[in-house]
Amino acid sequence: MNSSEWIWRSGRLQPWGEATIHVNAVGHASVAAVFEGIKAYLAEDGENLLLFRLEDHLDRLYHSARICRVEIPYTRDELAEAILGLLKANRASADTYIRPWAFPEGLIREQMVPAGVRCEVVVDSWPFQSGFKREGCRAAVSSWLRVTDASTPPRVKAFSNYHNGRLALMEARENGHDWPILLNEQHKVSEGPGACIAMVRDGVVVTPSLSSGVLESITRSTALTLLAEEGYEVDERPVDRTELYLADELFFLGTAWEVLPITTVDGLRVGNGTAGPVTERLYELYFSLVRGRAGRHLSWLTPVPVGAHV
Ligand SMILES: Cc1ncc(COP(=O)(O)O)c(C=O)c1O
């Protein structure tokens, strides 16, 4: 099921099926929509869901909104309360994906959203089972380039940016791969359509720098922290396409994709064709962190009692 019983909409809980808008509000109004994708993980004791890095996701939502001049009429605390209230209302008791989003309200038929136009804010959520896909995925470098900071900034998490990722995904699927890897306008590696990318080369974990045309990914920053704490050398720098072909390990990083091994790139096998040792270790570290087993970075975890009522 891709929905829950309740949705939070501009200040109140609403039954999911009643959360509708006029069809005229779907076109230009949604061009400016910004959003976040957050996960809540069932803690090992089964008593709490743990929202992962909620504050960082809310910060990024406000950053996206600022760049797009979308005025969110709620404070961070109010949105955090809304998310907690929604999980409780839905009696969420398993891994859950939470999507807060904001868009200019009304039947806007123009591309310009003048200052002062009210924004609707919606939070929806749905069950989302997590787990390591050791068999990984097949990736291919796309002929579509990533959108650029000079036109449609990838640093912004806007629905409109996913048009770019979708084109690349359609091409990859057409050619028998699972996911595309997009190059930026300098033809350096940027990211996938819904995740960042990292590689292991000669024992160093390398990921494209934040100026490579990527979203400022929270999973990426988590992974870099965890790997550095484990003693791995980590490097953020421009990455050439051909380095992908020489990598010992390659993996995607994202809230939804978590740690996803890449086992072929443009048909070339990566490593021995399954998840490599650094990828496996990162997965263990990540999952023990998000499920509250690690006993570290506790400020990144916001507990919500399982099955609570509003
Ligand atoms: C285009 C893109 N890049 C990277 C990411 C990974 O970001 P995060 O780790 O914050 O989910 C996402 C996922 O939201 C994404 O959509």
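So, which residue lies over the face of W179? That's R173, at 4.7 Å from the ring centre. For a charge to count as sitting over a ring, NZ of Lys or CZ of Arg has to be within 6 Å of the ring centre and within 35 degrees of the ring normal. There's another one here: R76 has its charged end over the ring of Y62, 4.5 Å from the centre.

Quick housekeeping. This is a predicted model, where local features need pLDDT of at least 70, side-chain atom pairs count only at pLDDT 80 or more, and totals for chains, interfaces and linings use all residues. Residues are numbered from 1 along each chain as its sequence is written, and side-chain values use heavy atoms, with hydrogens and water left out.

Okay, ring on ring. The structure has 15 aromatic pairs, meaning rings of Phe, Tyr and Trp (its six-membered ring) with centres within 6.5 Å; planes under 30 degrees apart are stacked, over 60 edge-to-face, the rest tilted. One of them is Y97 with F128, which is stacked: 5.5 Å centre to centre, 25° between the planes. Y97 is buried, at 11% relative accessible area, while F128 is partly exposed at 23%. Buried is under 20%, exposed over 50%, partly exposed in between, using a 1.4 Å probe and protein chains only.

Then W101 and F159: centres 5.7 Å apart, planes at 85°, so that pair is edge-to-face. W101 is partly exposed at 22%, and F159 is partly exposed too, at 29%.

Last one to look at: Y41, F52, F132, Y283, Y286, F287 and W300 form one aromatic cluster.
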